[in-house]
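The structure is shown first.

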Amino acid sequence: MAYSRVQDYQQIGTPFLAEDTRLHFEKKTKNLERSDVKREIYKRECARCHVVPVSAYLRAPSSGSLVIRHYNLGPNGAKALSAPLMLDDTVTHVDIVGNAIGVEGLVFLLQAIAENRSVRHLDISDNNLASTGAKVLGDFIRQSKNTTLEHLVMSENCFKDEDGLFFSEAIKVNKSLKEIVLSHNLFGDVSGPAFGKALAINNTLETFDISWNQIRKKSAALFVKRLKDNIGLTRLNLGFNGLGSEGASEMVSLLKTNKRLVELDLSHNRLKDLDSVPLAKGLAKNDTLKVLRIGDNLLTSVGATAILHSLYDPLSLCALETLDFHNTSVDLPFERYLKEIKVNRDIHVIHGKVMMVGDPPLPTKTYIRVKTRDKNNTVDARNKPKVTSGTNTMTTRP
């Protein structure tokens, strides 16, 4: 059933209200303020659905952000909330994380979002939507006429590997979304190449987060390979997958050809020192990437230093401003190398503990001054009179 959006709150009606109460409701709300009207709609719909109204909504029904996290709304609670939401032209941010709304509640919520013309950000993470919910969301993304929704977060919803096909087909045709977050799900060998193919076609999506999934090795390589045709993404999060050497080798080509990517997260991806050398070559040919997160991999100080070389080389086009080697231990030569780079570049580098091995990172003059001070302390210690037991070494003031 399609519902038209009511502009005049004095003549408000909701599709979820029973017909025999509509005239009585309109008469009662004739002289109420907008916030009171929405509050009254919500209370009546809660009574009809046999659920307790959420106090967070009753306190501020006209707030620009509707944030109701972990209230255990359930399907009926989502249905009751959808009635005032559909008529609200002030809310831009809807966050109902962790409410177990299920597929039934999701349908009512998406009906309201489809009619609403102000919501730009929707977060429905951790609602256990599973495969049926993935199909409903895929149809919504593909067929929705709502062009105001720009950010859609669907993390932790138990989506399986095959469910990625619903989203990939929708991404191919959607031209309004700018951010999609599908982290903490079970996408893997099937979804990886499908997402890559979809992103190669879609040039309006700017942020894609597929972290905390199971896209590994060959699947990861196919995903990255197909991204070379994308000219829209500026932020890509592949953290906590399993790119390995296969994915890293394709990432080199992506870095050399892509001229839009600004932020890239490759943390927790089983990357080794051997993968850092080709990555450094790719970075040296890229003049747009500003942030690279590559910590918590299998890199040592050798691999970290190899990536630093892409910043040191005077012929390099590398434009990195933040380089994150979180939990990667480095040695003293790395510290010295980084200090030389910072003379000519304004860059923020994060790394793990510094192992006291290798040449000292101090400049020559400082190093000599420290050594001289240590030598003088040694000489003073030799000239100091020895104290023997039973000898009074205390002196009196003159």
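## Salt bridges

A salt bridge is a side-chain nitrogen of Lys or Arg within 4 Å of a carboxyl oxygen of Asp or Glu. The model is a predicted one, in which local features need pLDDT of at least 70 and side-chain atom pairs count only at pLDDT 80 or more, while totals for chains, interfaces and linings use all residues. Residues are numbered from 1 along each chain as its sequence is written, and side-chain values use heavy atoms, with hydrogens and water left out. Helices (H or I, at least four residues) and strands (E, at least two) are DSSP runs, numbered from the N terminus.

The count comes to 16 salt bridges. Among them, Arg-69 pairs with Asp-123, with the closest N and O atoms 3.7 Å apart. This pair links distant parts of the chain, 54 residues apart: Arg-69 is in the loop between strand 1 (65–67) and helix 4, and Asp-123 is in strand 3. Buried means under 20% relative accessible area, exposed over 50%, and partly exposed in between (1.4 Å probe, protein chains only). Arg-69 is partly exposed at 40%, and Asp-123 is buried at 9%.

A salt bridge also joins Arg-120 and Glu-150, whose closest N and O atoms are 3.3 Å apart. Arg-120 lies in the loop between helix 5 and strand 3 and Glu-150 in the loop between helix 6 (130–143) and strand 4 (151–153), so the pair ties together parts 30 residues apart in sequence. Arg-235, Glu-263, Arg-293 and Asp-324 are linked in a network of salt bridges.

Lys-38 forms a salt bridge with Asp-88, the closest N and O atoms being 3.3 Å apart. Lys-38 lies in helix 2 (residues 34–49) and Asp-88 in the loop between helix 4 (74–86) and strand 2 (93–95), so parts 50 residues apart in sequence are tied together. Lys-38 is buried at 2% relative accessible area, and Asp-88 is buried at 3%.

Ser-118, in the loop between helix 5 (102–115) and strand 3 (121–123), is buried at 11%. Its side chain reaches the backbone oxygen of Asp-88 at 3.3 Å and that of Val-91 at 2.6 Å.

Asp-331 lies in strand 11 (residues 330–331). Asp-331 is buried yet has no salt bridge; Arg-336, the nearest side chain of opposite charge, is 7.9 Å away. Lys and Arg count as positive and Asp and Glu as negative, with His and the chain ends not counted.

At the start of helix 13, a side-chain oxygen of Asp-331 comes to within 3.1 Å of the backbone nitrogen of Phe-334. In helix 13 (residues 332–344), the residues Leu-332, Phe-334, Tyr-337, Leu-338 and Ile-341 are buried.

Helix 8 (residues 191–201) is mostly covered, with nine of its 11 residues buried. The cover over these buried residues includes helix 7 (164–173), strand 6 (207–209) and helix 9.

The axes of helix 9 (residues 217–226) and helix 10 (residues 244–257) come within 7 Å and cross at roughly 10 degrees. Axes are lines fitted to C-alpha atoms, for helices over the stretch in contact (heavy atoms within 4.5 Å), and angles run from 0 to 180 degrees between N-to-C directions. Helix 9 and helix 10 are therefore roughly parallel. Angles under 35 degrees count as roughly parallel, over 145 as roughly antiparallel, 65 to 115 as roughly perpendicular and the rest as oblique.

Definitions and conventions. Polar contact = N/O pair within 3.5 Å; in protein donor to acceptor, adjacent residues only side chain to side chain.
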